[in-house]
Amino acid sequence: MNFISTRGICKEEVSAAYAIKTGLAPDGGLYMPKSIPTLAEGELRALADMSYPERAAKIIGKFLSDYTEDELLIDAKNAYAPEKFGDSPAPVSKIDDATYMLELWHGPTCAFKDMALQIMPRLFVRALEKTGERRTALILVATSGDTGKAALEGYRDVRGTKIQVFYPTDGVSRVQKLQMQTQEGENVSIKGIRGNFDDAQSGVKRIFADSDMNTRLNDSGVFLSSANSINFGRLVPQIVYYVSAYCDMVKSGEVTYGEKIDVCVPTGNFGNIFAAYIAKLMGVPIEGLVCASNKNDVLTEFLTSGVYNRTRPFFATISPSMDILISSNLERLLYITLGADKTRDYMEKLAKDGRYELTRADFAKIREHFVGFSADEDETKATINSLYNEKNCLIDTHTAVAACAKSKYFATEKAERKILIVSTASPYKFARDVYSSIATDAEAPDDVEAREKLAALTKTQIPQPLACLLDKAVRHVDIIDACGMDKAVADFAKA
Ligand SMILES: *Cc1c(COP(=O)(O)O)cnc(C)c1O
């Protein structure tokens, strides 16, 4: 399977290994497989009898055809080992007769990013070997909180790589910040940015596009790559859990084989929900894709009106990993539904005017699969409260945005199937807001103290990776301006 750019200016086809190694196509587009592989008759049934790593190796192998099945199986077994994810990396739990939860936060950093970032560095190291690469890869990451830590855990001390993470210093939760500041490993650099996530992401994109900088780095034996979901190596492991969840629902008798379900995903960069769409295109019986946004509801507006308008106020919310105005992976959706020429046009409009409007025909094609709903801060908190008190289900703020969107969706006539809500983080990662949503006493002072209170109130346990956070030494405290990112990269490359 070869990969091509979503923009179609650069027409060259590249191997999966090359696409994973480089991340972004030279024309500024994102890499996509030339076609979407499908699951043959009976293949889904066969997957149902396999373990999670076996399912992962089969599905990833359909896209990364230059990797052997053995390589992928070894990588998947190591990535999703019980020491890291417990017995079941992506379990499905039942909330009520029509509602299920896909729990994706049982990994080392307690957010769903681990599902991709535990295996991606393994795929990446193989990509370096497969393409005969001798230079050091410098992985640049802009993070709204969860990607940074998950990428650092995945890439720490991985040979042939260095990783540098930029996060908005006031845009992440205290637990998220501590997780990054206490990061161990010899090949890591972590910088807080004065600005928001989009400032960090724009800075990283600018550095990727800076040819002088890239030439200088190359001369010193370094090249840049990304671990954000613009890299297809991040997306492909995310397809696996949608296939896997359907298999599990069939196995447990919750759906009959072939019965269609809907999926509801708390969305920021549009990576996770796009992976669900690919699973649908592969043949998993998924019908509706419900895109849930927080108060930064740029995607809700897009899916309701066909207008994508990023020139709007930015809100720092209690679901910070979704505080995004530029959803990079939407470009892949445009490409797959409308083709490269239209994608390029719309992306040029976005760069120039900060907005674009789909034609009616183009919008209709997207509306066939997707609907969008948003939840404001009060609705998010009320949803945490009601799910806990009525269903005994404790969820984090991001998952709550999705659960609220699901309720709004269920109030429409389109909803007639069982729905799988994607649960993307442990409630203990956002303990202060979760606690204050369900407790009747005054609010807890901060995330760290709120964890103890949350554990006592709900009689649940703080996940081990978060429990030991306070015992760790803080090692990374630098805060810089967004315009200082270039220098930080140059310095770290030399270090
Ligand atoms: C990253 C993240 C999201 C958003 O996922 P996208 O792939 O960016 O749409 C939602 N919830 C949590 C907890 C996250 O870390």
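A few ground rules come first. Residues are numbered from 1 along each chain as its sequence is written, and side-chain values use heavy atoms, with hydrogens and water left out. Because the model is predicted, local features need pLDDT of at least 70 and side-chain atom pairs count only at pLDDT 80 or more, while totals for chains, interfaces and linings use all residues.

On a 1 Å grid over the protein atoms alone, a cavity is a set of points where a 1.4 Å probe fits but cannot get out, whereas a pocket is an open set with protein on both sides within 12 Å along at least five of seven lines; lining residues have an atom within 4 Å of a point. Grid points are joined across faces, edges and corners, and a volume is the space filled by probe spheres set on the points.

How many cavities of 30 Å³ or more are there? The count is three. The largest cavity holds about 270 Å³ of space. Of its 25 lining residues, Phe 112, Lys 113, Gly 268, Asn 269 and Ser 321 are the closest to its centre. Its lining is made of eight nonpolar, 14 polar and three charged residues (Ala, Val, Leu, Ile, Met, Phe, Trp, Tyr, Cys and Pro count as nonpolar, Asp, Glu, Lys and Arg as charged, and the others, Gly among them, as polar).

Some make polar contacts, pairs of N or O atoms within 3.5 Å. A side-chain N or O atom of Lys 113 is 2.6 Å from a ligand oxygen, a polar side-chain atom of Asp 146 lies 2.5 Å from a ligand oxygen, and a polar backbone atom of Gly 271 is 3.3 Å from a ligand oxygen. Taken alone, the ligand exposes 380 Å², of which the protein buries 98% (areas by the Shrake-Rupley method with a 1.4 Å probe).

The second largest cavity has a volume of about 60 Å³. Lys 205 and Phe 208 are among the residues lining it, and α10 gives the largest share of that lining, four residues (helices are DSSP runs of H or I, at least four residues, numbered from the N terminus).

Finally, look at the largest pocket, with about 1,000 Å³ of space. It has 35 lining residues, and Lys 205 is one of the closest to its centre. Here too α10 gives the most, with five residues.

Terms used. Polar contact = N/O pair within 3.5 Å; in protein donor to acceptor, adjacent residues only side chain to side chain. Helix = DSSP H or I, 4+ residues; strand = E, 2+ residues; numbered from the N terminus.
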